[in-house]
Structure formats: C-alpha cells, structure tokens
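Hi,

Here is the structure I said I'd pass on. Have a look at it, then read my notes below.

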Amino acid sequence: KVSLQEIGYYIEDTYNYHVSISNARLAKQQVSGSLSVKDEASLLETLSFALNLKIEKKGDTLFIKSSNQ
C-alpha cells in the first residue's frame, strides 16, 4: 500500500509538477494494487476515477482534492 502523498511525490519526480493535496486526511489515504499507464494523462484520469478525486492542472502545479469537496 502507498499513500496518495507518496503517489504525489512520484508524480513530482516523474512529470516535474508540484502536487498540492487539499488536506492531510486525503494525503494519507492508502491505495493498493498495481497500475500500468502509458502516459501522464492516463495516470491522472485513472487516479481521478479510482479514488473519486478532482485533479486540476494550473501551470506546473496539480491540485488534488476529493470530488465531493
């Protein structure tokens, strides 16, 4: 299992974004399983769908929050 925060670090390292997660509870949310994606758009779309997230890209920052916030 990994936390959403750890996935955020992966995105920062791999795609050179700054990742901002809206709150600590969401950042600590645990995710398990494997994921094979071919590109950034697929990764963000899959995360958004699987974890019910809203991901907004503004410049070089990704803002991640729960879809029901």
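What follows is a short tour of what turned up.

First, some ground rules. This is a predicted model, so to speak of a local feature we need pLDDT of at least 70, side-chain atom pairs count only at pLDDT 80 or more, and totals for chains, interfaces and linings use all residues. Residues are numbered from 1 along each chain as its sequence is written, and side-chain values use heavy atoms, with hydrogens and water left out.

**The largest pocket**

Rolling a probe the size of a water molecule over the atoms shows where empty space is left. The search runs on a 1 Å grid over the protein atoms alone; a pocket is an open set of points where a 1.4 Å probe fits, with protein on both sides within 12 Å along at least five of seven lines, and lining residues have an atom within 4 Å of a point. The largest pocket holds about 370 Å³ of space (grid points are joined across faces, edges and corners, and the volume is the space filled by probe spheres set on them). It is lined by 16 residues, and I7, V31, L35, L43 and L47 are the closest to its centre. Two or more lining residues come from each of α1 (4-15) and α3 (40-51), and α3 gives the largest share, with five residues. Helices here are DSSP runs of H or I, at least four residues, and strands are runs of E, at least two, numbered from the N terminus.

What classes of residue make up the lining? There are eleven nonpolar, four polar and one charged residues. (Nonpolar covers Ala, Val, Leu, Ile, Met, Phe, Trp, Tyr, Cys and Pro; charged covers Asp, Glu, Lys and Arg; the others, Gly among them, are polar.)

**Buried and exposed spots**

S66 is buried because its relative accessibility is 15%, and T61 is buried because its value is 13%. Each has a polar contact, meaning a pair of N or O atoms within 3.5 Å; within protein, one must be able to donate a hydrogen and the other to accept it, and residues adjacent in sequence count only if both atoms are side-chain atoms. The side chain of S66 meets that of N68 at 2.5 Å, and the side chain of T61 meets that of D60 at 3.5 Å.

**A charge over a ring**

K58 belongs to strand β4 and is exposed because its relative accessible area is 52%. K58 lies over the face of F63, at 5.7 Å from the ring centre; the rule asks for NZ of Lys or CZ of Arg within 6 Å of the ring centre and within 35 degrees of the ring normal.

**Two positive phi angles**

Most residues other than glycine have a negative phi. N16 has a positive phi near 60°, and N52 has one of about 55°. N16 sits in the loop between α1 and β2 (18-21), while N52 is in the loop between α3 and β4 (53-58). N16 is exposed at 63%, and N52 is partly exposed at 44%.

Definitions and conventions:
Buried < 20%, exposed > 50% of the residue type's maximum accessible area, 1.4 Å probe, protein only.
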